There are 2 protein chains.
Amino acid sequence: MNTQPRTMNKSRQRDAIVNYIMTYHNHPTADTIYNAIKKDFPNISLGTVYRNLTLLTELGTIKKLSCGGTSEHFDGDTTPHNHFICNQCGNITDLDMENIDFINELASKHFDGEISGHNIYFYGLCCSCKKETTK
Amino acid sequence: MNTQPRTMNKSRQRDAIVNYIMTYHNHPTADTIYNAIKKDFPNISLGTVYRNLTLLTELGTIKKLSCGGTSEHFDGDTTPHNHFICNQCGNITDLDMENIDFINELASKHFDGEISGHNIYFYGLCCSCKKETTK
DNA sequence: TCAAAAATAATAACTGTTACTAGTTTTACG
DNA sequence: CGTAAAACTAGTAACAGTTATTATTTTTGA
């Protein structure tokens, strides 16, 4: 039995969510999006944000980032790239580095299952926190 | 001001937690550990498990794994190694592959902060789930 | 225009985790 | 030893992020 809707209707709220994520590449949480969108949709419900984020993740329009904080983050950039999380301030940023998808092959070598992708989270001190600590 | 205890007392409960994690390399959640230890400590509190897991993580005795499920997992193996999470059954396993810590250098190349480490989570189908789907 | 399907707002419920408190265990030292 | 201070625990309440429920509204296609 298929529990998915047969067709997807358009929804102004969902459009606003996608628009926010695609405009600000700041890996927002559901709550961040909720508060930002409230300016245009004062009555929007947090549940609506969560429901659409789940839906969009399932559709592959966005990606969910689980990097150990109290809540999940979302990324509008679904192309392969890696993230850095600052141990001090907790900020998440994209990491500009050469593509290393070949590690999937390395991981497959001694593995009987099927590897389809990976997530990499680098940790350390971001530029500004590094400056702070060396003061 | 230092909020840490000045010395660490021994605690049978904490020993049992460490012992469980080091014995079964199954990346357990707090709840898994709690239920396992209850056999020896029928009155142990879930809070005690959480408190000690946090403490042990801070001490570096164990590592916390945040791989996107509903709860956190813990790993008694603190040596560099990578994990695989099955998209179907959710099982977490160690991935036997060559060390690729050199990616920290690659990541540092165009990065102004300081990179101290990384976590890699591979995704896909584990051996048994792969067999299931091809039946 | 109108009915069916999809989506929403509002709210309640749920779940993993943390905080609090009174009582117990461990430890250091006389 | 005995004992007092510090560390730790059980039990429980509180909290935060997320999901489920439901009545209502919006979207869509004929």
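Colleague: How many aromatic pairs does a search of the whole structure find over all chains?

Modeller: The search finds five aromatic pairs over all chains. Rings of Phe, Tyr and Trp (for Trp, its six-membered ring) are counted as a pair if their centres lie within 6.5 Å; planes under 30 degrees apart are stacked, those over 60 are edge-to-face, and the rest are tilted. Before the details, please note that this is a predicted model, in which local features need pLDDT of at least 70 and side-chain atom pairs count only at pLDDT 80 or more, whereas totals for chains, interfaces and linings use all residues. Residues are numbered from 1 along each chain as its sequence is written, chains are lettered from A and ligands numbered from 1 in the order in which they are written, and side-chain values use heavy atoms, with hydrogens and water left out.

One of the five pairs joins Y20(A) and Y24(A), which are tilted, with 4.8 Å from centre to centre and 40° between the planes. In chain B, the ring centres of Y20(B) and Y24(B) are 4.8 Å apart, and that pair is tilted because its planes stand at 40°. Burial is judged by relative accessible area (buried under 20%, exposed over 50%, partly exposed in between, with a 1.4 Å probe and protein chains only). Y20(A) counts as buried because its relative accessibility is 12%, while Y24(A), at 46%, is partly exposed. In chain B, Y20(B) is buried at 12% and Y24(B) is partly exposed at 47%.

Next comes a loop. H27(A) lies between helices α1 (12-23) and α2 of chain A; helices are DSSP runs of H or I with at least four residues, strands are runs of E with at least two, and both are numbered from the N terminus. Although not a glycine, H27(A) has a positive phi near 50°, and it is buried, with 4% relative accessible area. H27(B), in the loop between α1 (12-23) and α2 (30-37) of chain B, also has a positive phi, about 50°, and is buried at 4%.

Helix α2 of chain A (residues 30-37) contains N35(A), which is partly exposed at 37%. A polar atom of the N35(A) side chain lies 2.9 Å from the backbone oxygen of D31(A). The C-alpha atoms of N35(A) and L46(A) are 9.0 Å apart, across eleven residues of sequence.

Within chain B, β3 (residues 82-86) and β5 (residues 114-125) run parallel over four bridges, and C86(B) stands opposite G124(B) of β5(B).

Finally, the cysteines. Over all chains there are zero disulfides, a disulfide being a pair of cysteine sulfur atoms within 2.5 Å. The sulfur of C126(A) has its closest cysteine sulfur in C129(A), but at 3.7 Å this is too far for a bond. For C127(A), the closest is in C126(A), at 7.0 Å, again too far. C126(A) is buried at 13%, whereas C127(A) is partly exposed at 29%.

Methods. Polar contact = N/O pair within 3.5 Å; in protein donor to acceptor, adjacent residues only side chain to side chain. Pairing = 2+ DSSP bridges.
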